[in-house]
Amino acid sequence: MPVEQKEGKVVLTHPKGASAEILLYGATVISWKSGNKISSTPVERLFVSSKAAVDGSKAVRGGIPVVFPNFGAPAHPEHAKLSQHGFARSAVWTFDSIVMDNEAGVSVRLTLTPTPDIMVQYFRPFHLAYVVTLAEHQLSTDLHVKNTSQTTSTPPDALEFQALLHTYIRAPTSEVLVYPLSGGKYYDKTESTEEARSQPKEETRTGVDVKKFTDSVYENAPGKYQVIWPGGGLEIKAKNFKDVVVWNPSQEAGSKLADMEEGGWERFVCVEPGYVRGFARLNPGETWVGQQVLTPLDGDRPLAL
Ligand code: TA6
């Protein structure tokens, strides 16, 4: 049964054993089990805290939360009433259709349009579609944002937004390295003052570790990343997500998260493709698509990038 809908989630099963589970709440992927070219046995590739709410009571602490229309605290006047990371990860999406179901893989489409709860905090019309595709050794997640405004005002009713896929990669935090960020410009959100947080830094490390509290926003990042640890790894390819965030709260911040399991900060790194520096802008009728493709690596050495 390649696509099953049950208990508020959609379960995808690949003929060769891979699987994925997507909550309709937040369109959050809460599980992705996959083998790789060396070992066909599917293993869980994402981290979800055992204390995470998966009952729709709050955004999931783990998996792949969908962040839209704002990343972090609202910075755009139109987002003033929104909470951190926007409403998409806390809204109930609609299962729209099965896009593909064959030997190559299985793909489903979820949609979100303004609900009454959204409209009390955000006035703009929009249409989101989230297409999740499971292949034998790959998971793709594509976010389609459309400005559905019908007005012909001058200037046109533009939709300005940020978007990010907040991917929690299951990995040994003390040993994981993220490539290739060297030479990139990033903003360090762990700095104690707003002034320091707003000053760009240059990344000098070949492989970025998260051995300490890390919350770095890399602007205009490469768009292809490798997350490597002894004995494992994951490749992330991103399209139109021009930036990438690397986050691990360590015990310092992780122990303060009510839905973070004890020591959970030692078992993941967030590598989050996003459009978060500045705002993407769509005129009426225009659509933007951000894509993330996750592929388990066969070993723990960075492939030629
Ligand atoms: O993506 C990193 C970040 O923005 C951190 O600053 C931290 O707040 C994290 O997201 C988790 O945010 P959440 O609202 O899910 O607790």
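In this predicted model, five strands make up an open sheet, ordered S1-S2-S3-S4-S5, with antiparallel pairing. Strands S1 (3-6) and S5 (43-44) are at its edges; each has a single partner strand, so one side of each is left without a neighbour in the sheet. Strands of a sheet pair through backbone hydrogen bonds, in either a parallel or an antiparallel sense. For S5, the antiparallel pairing is with strand S4 (residues 29-34) and runs over two bridges. Val43 in S5 is the bridge partner of Ser34.

The largest nonpolar core holds 64 residues, and the members touching the most others are Leu12, Trp93 and Tyr130. Strand S21 (residues 268-282) supplies the largest share of this core, five residues. Another core, of eight residues, lies apart from it and includes Phe47, Trp265, Phe268 and Cys270.

Which residues does Tyr130 contact, leaving aside its neighbours within four places in sequence? The contacts of Tyr130 are Ala27, Val29, Ile64, Val66, Trp93, Val108, Arg109, Leu110, Thr141, Asp142, Leu143 and Leu165.

The last stop is a loop. Pro155 sits between strand S10 (138-146) and strand S11 (159-165), in the loop that separates them. Is Pro155 buried or exposed? Its relative accessibility is 60%, so Pro155 counts as exposed, the cut-off being over 50%. In sequence, Pro155 and Asn283 are 128 residues apart, while their C-alpha atoms are 9.3 Å apart in space.

Technical notes: Residues are numbered from 1 along each chain as its sequence is written. This is a predicted model: local features need pLDDT of at least 70, side-chain atom pairs count only at pLDDT 80 or more; totals for chains, interfaces and linings use all residues. Side-chain values use heavy atoms; hydrogens and water are left out. A nonpolar core is a set of buried Ala, Val, Leu, Ile, Met, Phe, Trp, Tyr and Cys residues joined through side-chain atoms within 4.5 Å. Buried means under 20% relative accessible area, exposed over 50%, partly exposed in between (1.4 Å probe, protein chains only). Helices (H or I, at least four residues) and strands (E, at least two) are DSSP runs, numbered from the N terminus. Contact means heavy atoms within 4.5 Å. Two strands pair if DSSP finds at least two bridges between them.
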